Amino acid sequence: MSETPACPLSGPWNWARTAEFLTTAVVPMRLAANTPSGFPVVTPLWFCWKGGVLWAASRPDAKIVQHLRRDGRCAFDISIETPPYRGVRGRGQATAEPDGLETLKGLLARYLGTASPQFQSWLLARSADECAICIVPERLTAWDFGGRMEA
């Protein structure tokens, strides 16, 4: 799959700028899933943009994984919380796939590098059944307040 998903994109950025942001922004994604009661729940997760989809990792018994397995419809927000505010939000279909160890290793490298070796070891020690969460976007909206904030 290419870096450009087959979904609508709105906002001030083109696909190249959107993909650049999703590839370089090292902030948590806020992932919203539907609970059995019908109310959404939001969970922050580390993510990476690869092959035109978003990837995250979590434990198979995590509530977010349980919700996504029951109903794969989701929404997400990936945004910078310091001026100038900018980001990408959207909705899509998520699946929780087994064998998420490689996804977890990639996320550790992306977010921590060589920092926090004890934390990384702890996460890896309990990762035998880690799930990879794959989110295929159905709609994306980029937003950027940089122009407004510079004036």
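Where is the place of threonine 103? Threonine 103 sits in helix H3, helices (H or I, at least four residues) and strands (E, at least two) being DSSP runs numbered from the N terminus. The model is a predicted one, with local features needing pLDDT of at least 70 and side-chain atom pairs counting only at pLDDT 80 or more, while totals for chains, interfaces and linings use all residues. Residues are numbered from 1 along each chain as its sequence is written, and side-chain values use heavy atoms, with hydrogens and water left out.

Back to threonine 103: at 17% relative accessibility it counts as buried (buried means under 20% relative accessible area, exposed over 50%, and partly exposed in between, with a 1.4 Å probe and protein chains only). Setting aside residues up to four places away in sequence, threonine 103 touches Trp55, Ala56, Ala57 and Ala132, where contact means heavy atoms within 4.5 Å.

Helix H3 (residues 101-112) also packs against helix H4 (residues 117-125), at an angle of about 170° and with the axes 11 Å apart. Axes here are lines fitted to C-alpha atoms, for helices over the stretch in contact, and angles run from 0 to 180 degrees between N-to-C directions. On the H3 side the contact is made by Leu101, Leu104, Lys105, Leu108 and Leu112, and on the H4 side by Phe119, Gln120, Leu123 and Leu124. Sorted by class, that makes seven nonpolar, one polar and one charged residues; Ala, Val, Leu, Ile, Met, Phe, Trp, Tyr, Cys and Pro count as nonpolar, Asp, Glu, Lys and Arg as charged, and the others, Gly among them, as polar.

Next, the aromatic rings. Rings of Phe, Tyr and Trp (its six-membered ring) pair if their centres lie within 6.5 Å, with planes under 30 degrees apart called stacked, over 60 edge-to-face and the rest tilted. By this rule the count comes to three aromatic pairs. One of them joins tryptophan 13 and phenylalanine 21, a tilted pair at 5.3 Å centre to centre with 45° between the planes. Tryptophan 13 is buried at 9% relative accessible area, and phenylalanine 21 is buried too, at 3%. Tryptophan 46 and tyrosine 111 have ring centres 4.9 Å apart and planes at 5°, so this pair is stacked. It links distant parts of the chain, 65 residues apart: tryptophan 46 lies in the loop between strand E3 (40-45) and strand E4 (48-50), and tyrosine 111 in helix H3. Tryptophan 46 is partly exposed at 24%, whereas tyrosine 111 is buried at 15%.

Arginine 86 lies in strand E7 (residues 86-97) and is partly exposed, with a relative accessible area of 23%. From arginine 86 to phenylalanine 21 it is 65 residues in sequence and 9.3 Å in space, C-alpha to C-alpha.

The peptide bond from proline 83 to proline 84 is cis, with omega near -5°, and proline 84 sits in the loop between strand E6 (73-80) and E7. Aspartate 99 has a positive phi of about 60° although it is not a glycine; this aspartate is in the loop between E7 and H3 and is exposed at 69% relative accessible area. Serine 116, in the loop between H3 and H4, also has a positive phi, near 55°, and is partly exposed at 38%.
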